[in-house]
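Q: I have a two-chain model open and I'd like to learn how to read it. Can you walk me through it feature by feature?

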Amino acid sequence: MTTLPQSTEKKLGLVIDLDTCVGCHACVVSCKGWNTENYGAPLSDQDPYGKEPSGTFLNRVHSYEVQPDEGHAALVHFPKSCLHCEDAPCVTVCPTGASYKRVEDGIVLVNESDCIGCGLCAWACPYGARELDAEEKVMKKCTLCVDRIYNENLPEVDRVPACVRTCPAGARHFGDFADPDSNVSILTAERGGMDLMPEQGTKPVNKYLPPRERDRSEDVDILAPFLDPIAAEPQGFMGWLDKALTAMPGGR
Amino acid sequence: MHPAPSVIIFSTLSGIGFGLLAWLGFGYPAVTGWTAFAFFAIAYLLAVGGLIASTTHLGHPERALKAFSQWRSSWLSREGVCAVAALLIMALYGAGLVFFGTRWGFLGVIGALLSLGTVFTTAMIYTQLKTVPRWNHFTTPAMFMGYCVSGGALLANQWAEAFWLLLLTAIIQVIVWWRGDTALAQSGTNLATATGLGTMGGVRPFEPPHTGTNYLLREFAFQVGRDHAFKLRILAMVLAFAIPLLVILLPGAGHFMALIAVISHIVGVFASRWLFFAEAEHVVGLYYGKRTV
Ligand code: SF4
Ligand code: SF4
Ligand code: SF4
């Protein structure tokens, strides 16, 4: 059914920390690695070693430059995968019922054997989270690693999404947003987790933590007061030298 | 959006084909026998030809039957249901006219409404998309319906009606372009809201996720030059409206001139439909720095 559930028991999703992401693309690689050989059709590449490589990815990392009114520009790395929206427009447009949102945990999935590859769900997603695989001709998207998080064949530490498990900076967190005491709920509350394109009305489950304000050097350097110049105006020999040099042609 | 030929051919030909079916369903022109057969043959060639073209853009056309199942939520599914229902009912109605020389008026009206419904549901597939602000407006279905009934009138030889409907559609088309050009800027979606970083300062793309291209760029990042688009708009106006209107006004225009008017109109609609897709800005392009607002 491509009508959306009224509410879901759990709201599983990710918190992505734009402050700590270092832009290494490790999550991109681990996501592709896990998902090309597990749930559903593989993620194909076209011309991978040729002139025009291209392929299917469920998670991509952009980088943006932000220039504040004052001070230096900041570089923000920006991982983007499906946000498992509560009001997922990609689900309701699907003519076949292949796209659905699970009642039990809110994960948005594609039943690939029902997908006709019309592409309409990718048109409906504002975030570019769905890609039609050029080889298999079915719609691929982030599964929230549904085949890891409940997988009892994996050691418990691995029962999180591949991208979360792999991130060396701890910039991706997985949990249940329906539980106000979960790690992701607490992080979102404490760090002002935000929605992407809230005006699109998709109510994304995934939240993004904005970069924290940069520390200013005067705030951190406890030795700074001791390093202040002792005399603003040079005196004695140095004072004489300063005057003599200034008096010379081209001196100031 | 990528102007895929399959979708452009489909929406142009089917739009006009279902338009003709609607006129025939309402009994204009009141034809029977072989003349009716000719009219129905043209309408079915256009409507069905378009539908077949549309299936070529599916990844798995062999599963197309599944697309009839989600009519409760999906406009694409509703379109499929409407199209098949319209074609079946109009076939029955047409058989009455051609083989029995009788007009089953009730059937005709239902078939006509379903034909109009098919074009309306097609338009709603695009209109519903908030991700494409240019389409997300009631003028989109107004334009599709305008092209459907005016093109249909032209084919159905209802020249007096065609004249006014063409004029009306031309006005709607201009409004659609005029409103559309600022739709993305008006929508409030931009790189600042897309990244949520707007509160920090001005946001600018620094590095794309990959050096190569991808599905999203191929499908959504198509851009057409302003000059190029303007020329095509003029061409569409001349071919789709000006020439057919002139032919209608021409005293004593015969079958040949009528054919010219119809062909000119169809080519004009193709140009307009190409622009409908090529000029549509999908908000995902923002992430790739493809939209300058
Ligand atoms: S991010 Fe896109 S694909 Fe994922 S649920 Fe939201 S609309 Fe659907
Ligand atoms: S591409 Fe597949 S999943 Fe997406 S709307 Fe079409 S049938 Fe549904
Ligand atoms: S949750 Fe799994 S599928 Fe989704 S982006 Fe992370 S690794 Fe990829």
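Predicted model: local features only at pLDDT ≥ 70, side-chain atom pairs only at ≥ 80, totals over all residues.

Q: Which residues surround ligand 3?
A: The shell around ligand 3 includes Cys31(A), Cys142(A), Cys145(A) and Cys163(A). Asn35(A), Asn59(A), Ser81(A), Thr143(A), Leu144(A), Pro161(A), Ala162(A) and Arg172(A) are also in that shell. By class, the shell around ligand 3 has seven nonpolar, four polar and one charged residue.

Q: Which helices supply at least two residues of the shell around ligand 3?
A: Look at helix H1 (26-36) and helix H5 (162-166) of chain A; each supplies at least two.

Q: What surrounds ligand 2?
A: Among the residues around ligand 2 are Cys94(A), Cys115(A), Cys118(A) and Cys121(A), along with Pro95(A), Ile116(A) and Met139(A). The shell around ligand 2 splits into eight nonpolar, four polar and no charged residues.

Q: And how many residues surround ligand 1?
A: Ligand 1 has 13 residues around it, and the closest are Cys82(A), Leu83(A), Cys85(A), Cys90(A) and Cys125(A). Its shell comprises 10 nonpolar, one polar and two charged residues.

Q: Let's move on to sheets. How do strands of a sheet pair?
A: They pair through backbone hydrogen bonds, in a parallel or antiparallel way. Take the open sheet in chain A that runs in the order S10-S1-S11, where the pairing is mixed.

Q: Why is one side of S10 and of S11 in chain A left without a neighbour in the sheet?
A: Strand S10 (172-176) and strand S11 (207-209) of chain A are at the edges and each has a single partner strand, so one side of each has no neighbour in the sheet. From one strand to the next, the twist averages 25 degrees.

Q: How many bridges join S1 of chain A to S10(A)?
A: Five bridges link strand S1 (residues 12-17) of chain A to S10(A), and the two run antiparallel.

Q: What area is buried between chain B and chain A?
A: About 4700 Å², with carbon and sulfur atoms giving 60% of it. Met200(B), Tyr215(B) and Tyr287(B) supply 14% of the area that chain B buries against chain A, more than any other three residues. In terms of contacts, 59 residues of chain B touch 61 residues of chain A.

Q: Last one: at what angle do helices H4 and H5 of chain B cross?
A: Helix H4 (residues 105-127) and helix H5 (residues 139-155) of chain B cross at roughly 145 degrees, and their axes come within 8 Å. The crossing is right-handed. Contacting residues include Leu116(B) and Phe120(B) in H4(B), and Phe144(B) and Met145(B) in H5(B). The residues of this contact divide into 11 nonpolar, three polar and no charged.

Definitions and conventions. Residues numbered from 1 in each chain as written. Chains lettered and ligands numbered in written order. Heavy atoms only, no water. Axes fitted to C-alpha atoms, helices over the stretch in contact; angles between N-to-C directions. Helix = DSSP H or I, 4+ residues; strand = E, 2+ residues; numbered from the N terminus. Left-handed = near helix turned anticlockwise from the far one by under 90°. Contact = heavy atoms within 4.5 Å. Nonpolar A, V, L, I, M, F, W, Y, C, P; charged D, E, K, R; others polar. Near = heavy atom within 4 Å. Buried area = accessible area lost by both parts, 1.4 Å probe. Pairing = 2+ DSSP bridges.
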